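My entries follow in the order I made them.

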Amino acid sequence: MGMRVCESAITLIHRCKTLAHLLQLHSLFIKTSLDHHPFFISQLLLSASAISLPFATTFFHSLPTFPPLFAWNTLIRAFASTPNQHNSFSLFRLLRTSPLNPDCFTYPFLLKACARSSCLPLGGTLHSLTFKTGFCSDRYVGNALLNMYADCHAVSSARKVFEEMTVKDVVTWSSMIAAYVACNSPLDAFRVFHQMGQTNEKPNSVTLVSLLSACTKMLDVRAGESIHSYVIMSQMEMDVALGTALFNMYAKCGKIDEAVVVFNSMDGKNLQSCTVMMSVLADHGRHKDVISLFNQMEDMGLQPDSLVFAVILSACSHAGLVCEGKRYFDRMVRMYGIKPSVEHYGCMVDLLGRSGLIQEAYDIIKGMPMEPNGVILRSFLAACRNHGWVPSLDVDLLSKLESELGANYVLTANVFSTFASWKDANNIRVAMKQKGLEKVPGCSWVEV
């Protein structure tokens, strides 16, 4: 086989983009016997697994020679990132019957598959195998084990793996911190961070994002400010993830002006960071700023998605911006081709109801392609009560409210009472008593 053929094959593999390209390459491999060479097999599988996993699988099983371990790991990793994680384990079982042995890359891919499917028993089995094969002391395998237990919400097992690891890197520490934050133990997360500092291991962006999430859960703005100071003093790059976590922490702790400063100082902004910023601005009643940010986002070339429009419609509703809300709803459907969800329809019903446009709100409910949920109906009935007018309702509208919530009966009775429909109101309250339902008294939570 000539050098020119090898160079041409590598060039073609790197340029491969479609299934048609893969089929042509497969033909070339058969004609030139490249399907007997481990290096070219591995390179083609690496490219094919990202383009067409079915082709990669067919190519792998049709090879005239035994595939190299790199090829096995490539296919196991590809399946671990799909909903068909069981294919990773099928390949692993086949690998164990072969002359080859799994290596330190094989186990992390399999543990990732366990984490994605929350399959703790299988993860425990793999943990045992790492002991038997001597890979339990490998740093990458240890990190994968820790993450697997954390993703399966077995934080005590994750901590045990963490303590047993003789070599810990920043990924290890960050994973343990993230595990505690995910299981709602922010104080434990900060204890691990303190231990990390004692070992002189410097945190990275991922570490600080987890810690800021812990600050947000505890509403501890002082700890969050300390992390912000560390970012500035260490001249750490403010990437999108870190910037988003930081301004979200300030916003949730009531420091909306500081949140805006952090957001504006971010060099890179993506759709997620803009959506989060719009949401926190809406939570603080700065609805005009939400609309302004939406327009800036479009100017940046970011295409809004369903969640962005839910935020902007909710902001219009709370600000009473009827014309703007209608315009954004129409824009969502006509310009961006987004199919409205129940949440979008709910925002429109709330917007129209708050503004006293009861008939229009009712027309929205009747025109929905899905059944209105209890939130939409309660919002609509509350608007009827507040504005003193009810359109001609269908008899089955009220039957769609949850029948086991006492608050629904009280709200419906109040609507009837508003229009002196005393008999209907009394019937509603009698039905409520017969079912033994009570309205839970309203309350407010204040955290000090």
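Before placing any residue, I note that helices here are DSSP runs of H or I with at least four residues, numbered from the N terminus. I also note that this is a predicted model.

**Entry 1: Ser279**

I looked up Ser279 and found it in helix H17, which covers residues 271-283. Is Ser279 buried, partly exposed or exposed? I read a relative accessible area of 29% for Ser279, so I log it as partly exposed, given that buried means under 20% and exposed over 50%. I then checked Ser279 against Asn248: 31 residues separate the two in sequence, and their C-alpha atoms lie 9.6 Å apart.

**Entry 2: the whole chain**

What does the secondary structure come to? I counted 25 helices and 0 strands. The chain has 448 residues, and I find 45% of them buried. For the accessible surface I have about 23400 Å², with 55% of that belonging to carbon and sulfur atoms. I also looked at contacts with a separation of 6 or more; residues 24 or more positions apart account for 60% of these.

I followed up Leu126. Leaving out residues up to four places away in sequence, I find that Leu126 touches Phe89, Phe92, Tyr107, Leu110, Leu111 and Cys114.

I went through the backbone angles next, since most residues other than glycine have a negative phi.

Where does Ser33 sit? I place Ser33 in the loop between helix H2 (19-32) and helix H3 (38-51). Its relative accessible area is 35%, so I log Ser33 as partly exposed.

Leu219 is in the loop between helix H13 (205-218) and helix H14 (221-233). I read a relative accessible area of 41% for Leu219, which means that this residue is partly exposed.

Technical notes:
Residues numbered from 1 in each chain as written. Predicted model: local features only at pLDDT ≥ 70, side-chain atom pairs only at ≥ 80, totals over all residues. Heavy atoms only, no water. Contact = heavy atoms within 4.5 Å. Helix = DSSP H or I, 4+ residues; strand = E, 2+ residues; numbered from the N terminus. Buried < 20%, exposed > 50% of the residue type's maximum accessible area, 1.4 Å probe, protein only. Areas by Shrake-Rupley, 256 points an atom, 1.4 Å probe, with all protein chains shown as cover.
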